Amino acid sequence: MITSGIEDEEKWLAAGIAGLQQNAFYMHRALDSNNMKDALKYSAQMLSELRTSKLSPHKYYELYMRAFDELRKLEMFFREETKRGCSIVELYELVQHAGNILPRLYLLCTVGSVYIKSKEAPSKDILKDLVEMCRSIQHPLRGLFLRSYLSQVSRDKLPDIGSEYEGDADTVMDAVEFVLQNFTEMNKLWVRMQHQGLAREKEKREKERSELRDLVGKNLHVLSQIEGIDLDLYKDMVLPRVLEQVVNCKDDIAQGYLMDCIIQVFPDEYHLQTLETLLGACPQFQPSVDIKTVLARLMERLSNYAALSAEVLPEFFQVEAFAKLNNAIGKVIEAQEDMPIAGAVTLYSSLLTFTLQVHPDRLDYVDQILGACIQKLSGKGKLKDNKATKQIVSLLSAPLEKYKDIDTALKLSNYPRLMEYLDDATSKEMANVLVQNILKNKTCISTAEKVEALFELMKALIRDLDEDVNDELDEDDFAEEQNSVAQLIQMLHNDDPEEMLKMICAVKKHILTGGPKRLPFTIPPLIFNSLKFVRRLHSHDENAPEEEASAMPKNFFQILNQIIEALSIVPVPELALKLYLECAEAANDSDLEPVAYEFFTQAYILYEEEISDSKAQVTAIHLIIGTLQRMHIFGVENRDTLTHKATGYSAKLLKKPDQCRAVYACSHLFWVDDQDNIKDGERVLLCLKRALRIANAAQQMSNATRGSSGSVLLFIEILNKYLYFFEKEVSQINVASVQSLIELITTEMQSENATADPAADAFFASTLRHIQFQKDKGGAVGEKYEPIRHQVIIK
């Protein structure tokens, strides 16, 4: 049936166009022969095609445009005839004898256009006559297009100020009255369309009306182009008359569209000065009108107007724009009890954008808007509506984008309260926005109070969510989030030690609730930031009394110890051990021997009790050795205890090569260049000899299990250690010991059971070249190396 209806309409349109074109042909022939009588006859018959009621607005418009083109030609003919002496007054009377009312009025409007242009009568009189006579057509579709034609032909002939058709002192009033009257009648016809036809065709009628709305809206555009309409005339006459029609039509489609037209076509300055009138109409609209969109666009225009120049801002203050908009929004939300949450939040979001543009210094206004939003949300619990949550994120993000400073958001008492209404996922999204804002603007968080407030806002990022939510989280996304938090923690700083300590305690309180998955990301940056501060504190306090200088760092180290202990729940013993060693080194730099010793003790306990993986043990023992080597604070007893433990751990590693490397690394614990009290050549030699024995044992094991002596790589590595200490002038490392090791390596490489190892060959060759290079230097170094004999092995 629908297809049949469309086909019928196409046929009716084709028939209408055919009839119109046929009569247009005869009209053109009459025009060419200057036959006025026939021209009017055929033009009236041509326009009779517009009397149809069978076409939809879309198809009727197609027919109308063809007629419109022909009427423009007819108007040109009438104009030429008046120039040749034909009386325009008589012509105006003549066309009124057309048989049907619709063709008669189209012809009357066409001749009226020429009549006004001739200036033989005042423009206002002809326009008044035409707009009154158009009342004869009350069919909505036909009437709309007729009045649209009248508006089109008259728009450049209004008696406006500065126009060639300007009349007496009240000329502008005449122009305004004509446009308003035409607008009012067109709107009535447009609204009437809604109430015709069957109830089941409501959607179809609404679609058809939507297609025709521009015909009505163009009147307001024409009105806005009248030069003589100043602010006073707009305020006293134009806006009240237009709003009266908008309110009284009681049609939701018309009210929403026409309010949008008013906002778009008239100047921003006029809107500002008539804000109360404009807003006063809103609560009178039908409940189904999308008033939030209307108000949002109004506030958007006013925001853009304020952004143009600071010079217009006093106008906003003068009319108390914020108070009026805020009051209007409150009334609209109150009047429309069933307004969705998303709609209300959209209104407050637009008001906030306006406020941040016009009153950037009024944080109380911003907080007031957030409070009003909370009031609307009260009793709703966590929001489930995606649109509403997106709007709240937008609302909460606006102050951050405007002020580019998290401090400002932290001053808003309602900011955290509004975040409470977001679900876990959206809270996390908003927390991310906060963090990224801080990182982007490099904001320094400098008080414990701010840290407390900020981390409360960020709790969705630093606390574990429900298990089912956590399972869905992508590991890469999770790592990225936590790395952002880590960057943020690194930006906490205050030069005052007491305040900095309070800040660290505040962060500690929050991040320790993060659960085992988050702690490995959040604890290290807090430790390193604290250690950075402790080192800076020590450098500043070098001239202070010893007791005062050491008291504050001790407090920091006590907190750091507690924080690292929290990692035991994860567990990540390797990370905890590394952090203990970092703290020990910082305590060393702060001249706190007991503290440094305690951190080493904790590291050793972790190594013994928690680290069982052989690879992890190797990494850990080298970290211990490296850190212990850099320590200068320990007395003889403490250092001997720690060194003895380290060498013991080295010798107990599972794999012989790992044992060997760890033991020869321990040799550095007994000879430190910049510490005269740590230069024990005997123990250096002892470590190296022990490493040789382990390397030899490794070769024997290889020979027993694989039938070959294995690589000599370990021996070459030990040789390089011998050469290092030889150059450092360790008396126990002499030419003979170096020479014997070179010969041992040479013998092993030349033996029949030797395993081919290109890397070892290259390493040994490089070592021998180094010896030769030192010889070639001459001087004391050359003399020292001269007795060493060596030869390159060629295989």
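Glu480 is exposed, with a relative accessible area of 54%. Here exposed means over 50% relative accessible area, buried means under 20%, and partly exposed lies in between (1.4 Å probe, protein chains only). The model is predicted, so local features need pLDDT of at least 70 and side-chain atom pairs count only at pLDDT 80 or more, while totals for chains, interfaces and linings use all residues. Residues are numbered from 1 along each chain as its sequence is written, and side-chain values use heavy atoms, with hydrogens and water left out.

Glu480 sits in helix H26 (residues 475–490). Helices are DSSP runs (H or I) of at least four residues, numbered from the N terminus. Together with Asp474, Asp476 and Asp477, Glu480 forms a negative surface patch. Patch residues have over 30% relative accessible area and no salt bridge, and like charges are joined within 9 Å. Asp and Glu count as negative. The place of a charge is taken as CG of Asp or CD of Glu.

Side chains of opposite charge can pair when their charged atoms come close. The whole structure holds 31 salt bridges (a side-chain nitrogen of Lys or Arg within 4 Å of a carboxyl oxygen of Asp or Glu). One of them joins Asp174 and Lys124, at 3.9 Å from N to O. This pair links distant parts of the chain. Asp174 belongs to helix H8 (residues 171–192) and Lys124 to helix H6 (residues 123–133), 50 residues apart. Asp174 is partly exposed, at 24% relative accessible area. Lys124 is also partly exposed, at 31%.

Lys459 forms a salt bridge with Glu420, and their closest N and O atoms are 3.1 Å apart. Again, distant parts of the chain are linked. Lys459 is in helix H24 (residues 459–462). Glu420 is in the loop between helix H21 (414–419) and helix H22 (424–441), and the two residues are 39 residues apart. Lys459 is partly exposed, with a relative accessible area of 24%. Glu420 is partly exposed too, with 40%.

Lys517 forms a salt bridge with Glu475, with the closest N and O atoms 3.3 Å apart. Glu475 lies in helix H26, and Lys517 in the loop between helix H27 (497–511) and helix H28 (519–540). The partners are 42 residues apart. Lys517 is partly exposed, with a relative accessible area of 26%. Salt bridges that share partners also join Glu132, Arg135, Glu185 and Lys188 into one network.

Rings of Phe, Tyr and Trp (its six-membered ring) pair if their centres lie within 6.5 Å; planes under 30 degrees apart count as stacked, over 60 as edge-to-face and the rest as tilted. Tyr234 and Tyr270 form a tilted pair, 5.1 Å centre to centre with 35° between the planes. Tyr234 is in helix H10 (residues 231–248) and Tyr270 in helix H12 (residues 268–273), 36 residues apart. Tyr234 is buried, at 0% relative accessible area. Tyr270 is buried, at 13%.

Phe322 and Tyr365 form a stacked pair, at 4.0 Å centre to centre and 10° between the planes. Phe322 lies in helix H16 (residues 321–335) and Tyr365 in helix H18 (residues 363–377), so the pair ties together parts 43 residues apart in sequence. Both Phe322 and Tyr365 are buried. Elsewhere, Tyr60, Tyr61, Tyr64, Phe68, Tyr106, Phe145 and Tyr149 form one aromatic cluster.

Note on methods:
Patches are made of residues with over 30% relative accessible area and no salt bridge: like charges are joined within 9 Å, nonpolar side chains (Val, Leu, Ile, Met, Phe, Trp, Tyr) within 5 Å. Accessible areas come from the Shrake-Rupley method with a 1.4 Å probe; for residues, only the protein chains shown count as cover.
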